[in-house]
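My notes follow in the order I looked things up.

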Amino acid sequence: MGTYYTHIKSPIGRLMLTANDRALTGLYFSTGDKARKEPDPAWQACAARFEQAKLELEEYFAGERRCFQVALEPKATPFQNRVLAALNQIPFGQVRSYKQIAETIGSPKAVRAVGSANGRNPIAIFIPCHRVVGSNGALTGFGGGLDAKRYLLSLEQTQQTFAETR
């Protein structure tokens, strides 16, 4: 099974998408902190494999999509998978604290572990780790940087407010 990649432009900078033969496996930022990644020489560049993911991201950034349908296959531990599943339950345009996520997965004392799992989310945006904030509402780390996190939250909250006034 091969690994494929492509780069796409977005309002928050260039993104690199990765996939295997079945599903999207990664979304990485060209700027920001730890989520920055370069393609492995063994990976194959293949833009055609990412047409659906690219379309869904374009619709999301244009305010025309609230949820994603592209197949996802994050590489994660069982605990991380529980956290990622909880992230997928955060409604569009809303935020949750790390503590709330820990409570949601039945591990109320695992706030730091939830933060670590959230930070290791390999498919940002599609799995909305940007919707997690500190208990006091403060923006905390994000692989694409806090400016990107602020942009994504603002995009969603603007769309949420617009939909509610229609």
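**The sheet.** I began with the strands and found four of them in an open sheet, ordered S3-S2-S1-S4, with mixed pairing. The edges are strand S3 (24–29) and strand S4 (44–45), and each pairs on one side only. I counted strands as paired if DSSP finds at least two bridges between them. Helices (H or I, at least four residues) and strands (E, at least two) are DSSP runs, numbered from the N terminus.

The model is predicted: local features need pLDDT of at least 70, side-chain atom pairs count only at pLDDT 80 or more, and totals for chains, interfaces and linings use all residues. Residues are numbered from 1 along each chain as its sequence is written, and side-chain values use heavy atoms, with hydrogens and water left out.

Next I checked one pair. Strand S1 (residues 4–8) and strand S2 (residues 15–19) run antiparallel over five bridges. Thr-6 has Leu-17 in S2 as its bridge partner. Helix H1 (residues 51–61) packs on the sheet and touches S1, S2 and S3. Contact here means heavy atoms within 4.5 Å. The direction of H1 makes about 140 degrees with that of S2; axes are lines fitted to C-alpha atoms, for helices over the stretch in contact, and angles run from 0 to 180 degrees between N-to-C directions.

**Helix H4.** Which residues of H4 (residues 111–119) are buried? I found Val-114, Ala-117 and Asn-118. They cover an arc of only 100 degrees around the axis, which puts them on the same side of H4. The arc is that of the directions from the helix axis to the C-beta atoms. Their cover includes helix H2 (78–87), helix H3 (98–104) and strand S6 (132–133). Buried means under 20% relative accessible area, exposed over 50%, partly exposed in between (1.4 Å probe, protein chains only).

**Ile-125.** I looked in the loop between H4 and S6 and found Ile-125 there. Its phi is positive, about 70 degrees, although it is not a glycine. Most residues other than glycine have a negative phi. Ile-125 is buried, at 1% relative accessible area.

**Salt bridges.** I took a side-chain nitrogen of Lys or Arg within 4 Å of a carboxyl oxygen of Asp or Glu. That rule gives five salt bridges. One of them joins Arg-131 and Glu-156 (2.7 Å, N to O). Arg-131 lies in the loop between H4 and S6 and Glu-156 in helix H5 (residues 146–164), so the pair ties together parts 25 residues apart in sequence. Both residues are buried.
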